Each structure stands twice: as structure tokens, then as C-alpha cells.
Amino acid sequence: MTDHLPTPDRPMEAVLLVDVANVMGSRPDGWWRDRRSAATRLLTALDPLIGIDVVDPDGQRRRIARVVAVVEGAARGAAPAGSHSVEVIAAPRDGDSTIATQAAQLIGSVAVAAVLVVTADRGLRARLPDAVTIAGPQWLNRLIGR
């Protein structure tokens, strides 16, 4: 049995794939004045999620094994303070295309049991593989106390 498969006392592992711009924009906290700093704060808040058990929007227990965050535009260059366990991808163009590509690659990986994408973007949601679970920014904001 591989490490990412569930057992009665351990939920299925998941990769959390975060649309940083969409999550930042879900709270009017002044993020628009300094997008890189706002993204850095969000990335730093995501780091403690690695290894915790959560209930996804479909009601399934998941253990967050990895956090992959996609930044774009003025937020490029943002990095989490501290341990840097969050994997940050700077989108070369638009973040939606990068997220859709990453989701498809992760779903196709034998090392990944589940992919949980955080975004409210309807256009992006329509481009994601059927196998991903989608959560809105408020689900993530509650997890990180934002």
C-alpha cells in the first residue's frame, strides 16, 4: 500500500492547488495596493496546512500532502516566509491556464491521490479535469483564519 492511499485512521492525501489571485481578491483587505506582499502573506498562511486533515467541500476527509500555489502578474516573486514548504509557481501568462495545466498533470500522476483546487473563477472551473474537487476561497479562508 502506498503512503497516499487512505486507511481507516488516515484520510486520502490530496494536493491543494490554489488560485492565489482569486483567493486574495475574496477579501477587501487592501491587497491591490501591494499584490506581492498580499500574496506573500497568503502563501505564509498556507504553509501550516501541509499535513493537516480537512473535510473538503464534498464532505470527504483529506490529508493535505502538498500545497501548490499559482501567482500571476504583480504578485510574481512572492514567496512564503519561513519554511518554504508551499510550492509557488509563477504563471508565465495568465494564472488560469497554469492552474488548469497543473491540475491535469497532477491528476495524471500516480503519486497523487486527489487534487483539490481552490478558486471561485467559473471559467477556470469549467477548464478543470472532472476528477478534481473544487473549493471556493471562503472554504480556504476559514481554514487559515482569514
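Student: Among contacts between residues at least 6 apart in sequence, what share joins residues at least 24 apart?
Tutor: That share is 61%. Keep in mind that this is a predicted model.

Student: OK. How many helices and strands does the chain have?
Tutor: There are 5 helices and 6 strands. Read from the N terminus, the order is β-α-α-β-β-β-α-β-α-β-α.

Student: And how compact is the chain next to a globular protein of that length?
Tutor: It is as compact as one, because its radius of gyration is 14 Å, close to the 15 Å that the globule rule gives for 146 residues. The C-alpha trace spans about 45 × 30 × 25 Å along its principal axes.

Student: How much of it is buried?
Tutor: Of the 146 residues, 42% count as buried.

Student: Switching to charges. How many positive and negative side chains are there?
Tutor: The chain has 17 positive and 16 negative ones. The centres of the two sets are 5 Å apart.

Student: How many salt bridges does the structure hold?
Tutor: It holds 5. One of them pairs E87 with R66, with 2.8 Å between the closest N and O atoms.

Student: What does the pair of E87 and R66 tie together?
Tutor: E87 is in strand β4 (residues 87–90) and R66 is in strand β3 (residues 61–71), so the pair ties together parts that are 21 residues apart in sequence. E87 is partly exposed at 32% relative accessible area, and R66 is partly exposed at 30%.

Student: Which residues are joined into a network by salt bridges that share partners?
Tutor: D53, R61 and R63 form one network that way. Within it, the side chains of R61 and D53 meet at 3.4 Å, N to O.

Student: Where does D53 sit, and what does it touch?
Tutor: D53 is in strand β2 (residues 53–55). Not counting residues up to four places away in sequence, D53 touches P11, R61, R62 and R63.

Student: What about D96, then: which side chain of opposite charge is nearest?
Tutor: That is R127, 4.8 Å away. D96 is buried yet has no salt bridge. The cut-off for a salt bridge is 4 Å between a side-chain nitrogen of Lys or Arg and a carboxyl oxygen of Asp or Glu.

Student: Where is D96, and what else is around it?
Tutor: D96 is in helix α3 (residues 95–107). Leaving out residues up to four places away in sequence, D96 touches D19, D121, L124 and R127.

Student: New topic: A39. Is A39 buried or exposed?
Tutor: A39 is buried, with a relative accessible area of 0%. It is placed in helix α2 (residues 35–46).

Student: What is A39 in contact with?
Tutor: Apart from neighbours within four places in sequence, A39 is in contact with V20, M24, V71, A75 and A78. A39 and M24 are 15 residues apart in sequence, and their C-alpha atoms are 7.1 Å apart in space.

Student: Last stop, helix α5. Which residues are buried in α5?
Tutor: In α5 (residues 137–144), the buried residues are P137, W139, L140, N141 and I144.

Student: And what covers the buried residues of α5?
Tutor: The cover includes β1 (12–19), α1 (20–24), α2, β2, β5 (114–118) and β6 (133–135).

Student: What comes just after α5?
Tutor: G145 does, and it takes a positive phi of about 70°.

Notes: Residues are numbered from 1 along each chain as its sequence is written. This is a predicted model: local features need pLDDT of at least 70, side-chain atom pairs count only at pLDDT 80 or more; totals for chains, interfaces and linings use all residues. Side-chain values use heavy atoms; hydrogens and water are left out. Helices (H or I, at least four residues) and strands (E, at least two) are DSSP runs, numbered from the N terminus. Buried means under 20% relative accessible area, exposed over 50%, partly exposed in between (1.4 Å probe, protein chains only). The radius of gyration is taken over C-alpha atoms; the globule rule is 2.2 Å times the number of residues to the power 0.38. Contact means heavy atoms within 4.5 Å. Lys and Arg count as positive and Asp and Glu as negative; His and the chain ends are not counted. The place of a charge is taken as NZ of Lys, CZ of Arg, CG of Asp or CD of Glu.
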